[in-house]
Amino acid sequence: MFGQYHGTFRYENGDILVENERIDGLLTYRRRCVGHAFERILVASKNARITINPVEPVNLPKDITDLLLIEFTPIVIEPGTMQTVYLKFPVEVGVFLESEKGIEVLDIFSAGTQKYTLYGPPAGGVIARWYRSVVYPEIPSVERFREGVMELSILNTSSEWAHVSCAVFNGVDMKIFYNGDIVATTATMKIISPAIAETGFIDAPLIPGMTRSVELYKARKIRVIGRGYLMEWGL
Amino acid sequence: MPDLSAALGMSTGIGTITIGDVLWFAGIVAVGVIIAKVVATNVKRALTERLPKNERELLAKVVYYIIILWAIAVALPYLNFDLSGLLVAGGIAGLVIGFASQSVVSNLVSGLFLMFEHPIKIGDNINVAGITGSVEDIRILSTIVKTYDGIYTRIPNEKVFTSNITNYVNNAARRFEYKIRIRYKDDADEAIRLAREVIATHPFALKNPAPMIYVDSLGDNGINLIARIWAPARNWWEVRTILLWKIIKRLEENGIIVPYPQRTVWLADEERTSGSGAGKSLEE
């Protein structure tokens, strides 16, 4: 399903159907995913193409936050040490219309479910997309339309042992790559003190040869001011 | 140099005003204009995020003209202009204008305080002075609130500033609750489990703080359960309107019914004949 398409196409896999068909002379994009349907008539030049790729998973069921919180099995990490682990993160699929005149977000959908949480206290805390993952020592196998693999390097720069059971990321900073098997991203978490950490993403594929996704904030022409996220409400 | 001094000391022919006096006047006014322009530009820049464009421009113009008037007042004595008469006239005029525009000034000052204190922002859902709705605009003199019925309401800033303001979306999350009644013969633990399952399926019923569901009281007509759910402050209403019916449907699918209000009446004759009514527990 991920990739670029010109003109008409059809992809069907289980609960997911994505197609671009000519109906009564009109080019029509249709999508059906776990019971939800979406349809648009497309008026575009012959050079226009449709790009389908995984996007930052902070848009469904509607855009209320940029933050992604992944909760995982607690890790205790010694001062001055670094550990690389693998987590799973939720995947949302973005469909873009691209031409020489620009790029437009056509559709966003997901085969998975969504859940949100509060990171921090009610007064001062922030809403984040919530996801729970097991900690894997190696790249786990995933169903790539539902889940992606995050390589997370945790570095404890503080002088105390740190207990880490979640990581909060700024979704607009996310660099997602994909190939025929998996969707992946590479992230870092620098522990500054036992209660504060800085997270960010690395703009490099997990496996050489992976294709980089078109990012939603670029398609929406949103200027990104900050980079990374400072976790101030505990790890 | 003597020539320059002589030239500056030359009379202009208007009373005792010299060319030097005129130049001093022009110089002070010119400096005033430059200062006014710099200050007005910086006022506009500083208020870019805080005020809408038209009000920003208005405030900058007010600041600009106040500084120019001040510069002229400072420079006028060089033209032998006696300000004392003006001050007396100005004082009386100021007193009259002050009384007349008391509420305007009060609203203006309150508006400025509101803009800097930021208790409310455009788009916030608030309750102020008994009016509930979303903030459409915060102007220099008034705040515009659109009530949930879609009614345009203008509230003077003085009233906003001196009233208790409830901002429903200032915090990221807020809590709401349902009261759910089940029959005495139903299993409360099972009802709690089912309600928890339904709440877990809604994306915006927050994972943390976790929802609380518990037996609150043993009522006249059934067991009263309370469900307390946290949701994003800007989305709580849609969560609240959807979840209750889903919970009730799930409970009913599993044989747990919301009981009607009921009274068990024991008649004296019946009690005398049967003798077994007293102490019977209320089952439905």
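1. The area buried between chain A and chain B comes to about 1,300 Å², with carbon and sulfur atoms giving 65% of it. Buried area here is the accessible area (1.4 Å probe) that two parts lose on being put together, summed over both. Across this interface, 16 residues of chain A are in contact with 17 residues of chain B, contact meaning heavy atoms within 4.5 Å.

2. Before going on, please keep in mind that this is a predicted model, where local features need pLDDT of at least 70, side-chain atom pairs count only at pLDDT 80 or more, and totals for chains, interfaces and linings use all residues. Residues are numbered from 1 along each chain as its sequence is written, chains are lettered from A and ligands numbered from 1 in the order in which they are written, and side-chain values use heavy atoms, with hydrogens and water left out.

3. Now to the pairs that link the chains. One salt bridge is counted between chain A and chain B, a salt bridge being a side-chain nitrogen of Lys or Arg within 4 Å of a carboxyl oxygen of Asp or Glu. A:Lys62 and B:Glu238 form a salt bridge, their closest N and O atoms lying 2.7 Å apart. On the side of chain A that touches chain B, the elements giving two or more residues are strand 11 (116-119) and strand 12 (126-133) of chain A. Strands (E, at least two residues) and helices (H or I, at least four) are DSSP runs, numbered from the N terminus.

4. Chain B has nine helices and eight strands. Its radius of gyration is 36 Å, well over the 19 Å that the globule rule gives for 284 residues, so chain B is more spread out than a compact globule. The radius is taken over C-alpha atoms, and the rule is 2.2 Å times the number of residues to the power 0.38. Along the principal axes, the C-alpha atoms of chain B fill a box of roughly 130 × 40 × 25 Å.

5. Two cis peptide bonds are worth a look. In chain A, one joins A:Leu60 and A:Pro61, with omega about -5°; A:Pro61 sits in the loop between strand 6 (49-55) and strand 7 (67-77) of chain A. In chain B, the bond from B:Asn208 to B:Pro209 is cis, with omega near -5°, and B:Pro209 is in the loop between helix 7 (188-201) and strand 7 (212-218) of chain B.
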